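Keep the viewer open as you read.

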Amino acid sequence: MKLGTSTIIGGVLFALAIFVGLFAPWLAHTDPVMGANLMNAEEPPSWIWWFGTDAQGRDIYSRVVHGARISLTVGIVSQLVNSVIGVTLGLTAGYWGGWWDDVVNALTNLMLAIPSLIFALAIMAVLGPGLTSLLIALGLTNWSFSCRIARASALSLKSQGYVQAAKVLGYGDLRIMITQLLPNMLGPIIVISTLGMGGAILAEAALSFLGLGIRPPYPSWGSMLSEARDQITTAPWLSVFPGLAIFLTVLGLNLLGDGLRDILDPQSRSRRT
Amino acid sequence: MHDAAHGSADDVILRVEDLAVHYPIGGGLRGGGRRLLRAVDGVDLELKRGECLGLVGESGCGKSTVALSILGLQTPTRGRIVLDGQVVTGGQSLDRMALARIVQIVFQDPYASLNPRQSVRRTLEAPLRLHGMTAKSEIDGRIEAMLSHVGLRPEQAGRYPHEFSGGQRQRIGIARALILNPRIVICDEPVSALDVSIRAQIINLLLELKETLGLSYIMISHDLGVVEHMSDRVAVMYLGRIVESGDWREIFERPAHPYTQTLISAIPDPLRRAPLATTRGEPPSPLNPPDGCAFNPRCRHAEAVCRRAPAPSLDVRPDGHAVRCWRADEIAGQTVAEPSAAFNGSS
C-alpha cells in the first residue's frame, strides 16, 4: 500500500498534536495558569521563553502545549458525538425509509440551513461558557454531513445481495445494520469525521475568541488568540503561536482526511489487494 | 439431513395458492392518479419433496417477486403460501427465524451477494450462532463439512470474498444458503453471472447437493438450457401469471402455449444454423396489460377470441400438463421452426 506524501504529513502533524496533548504536563516548562510572574511580562521569544511570554509573564509555549488538550478534546469528542448522531439517524433513515426517513431528511435540511456556528453560539448562550457546553454545542450542530453520507450509503447498500441474504437468514434489522451495513460505510464516515474534527477545532477557536468558549485563565488556542488581540502589534508572538498551532493541526487533519479518502476509496481498495 | 420418508401422504413441501403482489404506483398526497402494478397476479405453484421446479419467463414477468414472497421479503396482496405444512402468509405467519430454517436462496450475482468485510468463516458462523448453535467445536465442524460439500477447502475459511473467483464465490453463496439445513433452496439465476466454463460445475454441484442433502429447488431462470438440464417440472410465467406448467419433458417436447413455443425455439442450437426465432416486440407493461389474453399482441396464433376474452384459467390435463390458452388444443406441440415474420434475422 502506497501512502501519499500529503497523507504522511497530515498523519505526522495530527500525531504530533495528540502527543503534545497527551504529554502536556511533562512538555510544558511552567504551569500554564499559575506560572505568572510579572517580572517576565511580554518577553519576546528566546532560548528561555521559546514562544515568548504574555502580559502576566506566563510562558506562551506552556500555554500552547496545554491548549492542545482542550482543542483536541473538543475536536475529537464533539466530532465523535456528531458521528454517532449522524450515523445513527442516517443509517436508520436509509434502511427503514418511510416516515422516519422524511423526518430525518427534514431535520438534516434544517441543520444545513442554519449556520452551525450561529446555532452553536445560541446553545452556548443558553448553557454558559465552559468545556462541557462547548462539547454539547459543537457535538449537536455538525452531524448533518455524516448523516447524509450514512443515509446515502445505507440506501445503496441495502439492496445488495448480502443484505437480502442476511434477512433471509433471519437477521433482525439492528443486526443487519450493525454487521452488514455499518462496516461497509465506515470509509467515507471516517473521512468526513477527520475533516469535521478540523472544523470543530476552528469552531472552538471562534467561540473561545468570542468569549463563549473556555474561560480566560485556562488556555485554549482560541481564548489565547482572543486575549492577544489587543497586543497584536506590540507582542505579535502572543497570537502567532496559538494561531500556528490551530493552523498546523487543522491542516494535518485535512491532509489526513483527504489521504484516507484515497485509501478507503473502493477502486483503490481493489488495487491494494 | 431431512430424509424423504419424513413426508407421508403429503409429498408437497411448498404450495403457493393464488399469490398476488400488487404495487400502487404514483399518486400524490391526495391519492389521485394512483395505479396498480400487478407484478404477480394469481400464481399457483406446487413443489414436491426432492423436486426441482423450473420457473422461467422474461425479465419483469414476476418470477423474482414470487421468490421474494416465498422468502418472506415481500408481503403478498392476496393468496396463501404453505411451507412444509405451515402457513407462511395470511394471519398466522411463521416468524423469520423459523422461515430461515426452511427456505433459503442462492443469488444471481456472486459479487454483490457476499459481504466484502466478512471472511467466509464469519459469513457461515453468524447464522449458526443466531440460530442457537453455540459450541465452538460444533460450529467449526459444521463449517468444515459445509465447505467440503461445496468443494472448498477448510483452510480457505479465513479468506475474504475478494480473494475468490466468481465460481468460488458462488460456492460460498451456496454454502451460506445451506448452512442452516434448509429444505427448500430458491436458486435465482444461480449461473447467469458466471463464465460459461464455470456454469456446468455449479449446476452439477447444485444437483449433487440436492441428492446428498435431500433438497427441493425452485430454479428461477430465463436460460431454458439450464432449466432443461436441472428441472423435474417447469412453470412458465408471463406478465405475472403462469401460462403453462408440467413435466419438463412434456414442456420441452410438446409445448402447448405459443409463448413457451417461442421461448423453446429461441434456445441456440449449434447444429441448426438457422436464425433464432424471437418473440415480436417487448412484453407489455403490467401497469397497462392488453385486453384479452395478455400474450395476444405478440402471439402468432392470436384470433378474435384471444383479443376479446381474458385468457382461460389453467386447464390441467390428467398428466399434470397445464396450459392457459384459448387455442392450446389446436397448436399444441408446434415449435416455431419455419422462418416467418417472427424472425428478427439476428443469430
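## Helix packing in chain A

In this predicted model, helix α3 (residues 60-96) of chain A packs against α9(A) at an angle of about 145 degrees, and the two axes are 7 Å apart. The crossing of α3(A) and α9(A) is right-handed. On the α3(A) side, the residues that meet α9(A) include S71(A), V74(A), G75(A), V87(A), L91(A) and Y95(A). Their counterparts in α9(A) include D173(A), M177(A), L181(A), I189(A), A200(A) and E204(A). By class, the residues of this contact divide into 12 nonpolar, 8 polar and 2 charged.

## Where the chains meet

The contact between the chains takes 15 residues from chain A and 22 residues from chain B. Which elements supply at least two residues each to the side of chain A that touches chain B? They are α8 (161-168) and α9 (173-209) of chain A. Of the elements there, α8(A) gives the most, with 6 residues. The side of chain A that touches chain B has 6 nonpolar, 8 polar and 1 charged residues.

The two contacts described so far can be set side by side by class:

| Side of chain A that touches chain B | 6 residues | 8 residues | 1 residue |

## Two sheets in chain B

Now to chain B, where an open sheet of 8 strands has the order β6-β7-β8-β3-β9-β10-β12-β11, with mixed pairing. Its edge strands are β6 (103-106) and β11 (315-316) of chain B, each of which pairs on one side only. Inside this sheet, strands β7 (residues 184-188) and β8 (residues 216-221) of chain B run parallel and are joined by 5 bridges. I186(B) has I218(B) in β8(B) as its bridge partner.

Another open sheet, of 4 strands, has the order β2-β1-β4-β5 (chain B), and its pairing is antiparallel. Here β2 (35-48) and β5 (86-87) of chain B are the edge strands. Strand β1 (residues 12-25) of chain B is joined by 5 bridges to the antiparallel strand β4 (residues 78-83) of chain B, and A20(B) stands opposite R78(B) in β4(B).

Helix α1(B) packs on this sheet, touching β1, β2 and β4 of chain B, and its direction makes about 115 degrees with that of β1(B). Helix α1 (residues 63-71) of chain B also lies across β3 (52-56), β6, β7, β8 and β9 (233-238) of chain B, running at about 150 degrees to β7(B).

## Core and a buried serine

In soluble globular proteins, nonpolar side chains tend to be buried together. The largest nonpolar core here has 153 residues, and I186(B), M219(B) and V236(B) have the most contacts inside it. Beyond its neighbours within four places in sequence, V236(B) is in contact with residues including V56(B), I242(B), V243(B), H257(B), Y259(B) and L263(B).

S231(B) sits in the loop between α7 (224-230) and β9 of chain B. Why does S231(B) count as buried? It does so because 24 other C-beta atoms lie within 10 Å, and the cut-off for a buried residue is 20 or more. Not counting residues up to four places away in sequence, S231(B) touches C52(B), L53(B), G54(B), M219(B) and W248(B). S231(B) and G54(B) are 177 residues apart in sequence, yet their C-alpha atoms are 5.3 Å apart in space.

Technical notes. Residues numbered from 1 in each chain as written. Chains lettered and ligands numbered in written order. Predicted model: local features only at pLDDT ≥ 70, side-chain atom pairs only at ≥ 80, totals over all residues. Contact = placed C-beta atoms within 7 Å. Nonpolar A, V, L, I, M, F, W, Y, C, P; charged D, E, K, R; others polar. Pairing = 2+ DSSP bridges. Axes fitted to C-alpha atoms, helices over the stretch in contact; angles between N-to-C directions. Core = buried A, V, L, I, M, F, W, Y, C linked by C-beta atoms within 7 Å. Buried ≥ 20, exposed ≤ 12 C-beta atoms within 10 Å, placed from the backbone. Left-handed = near helix turned anticlockwise from the far one by under 90°.
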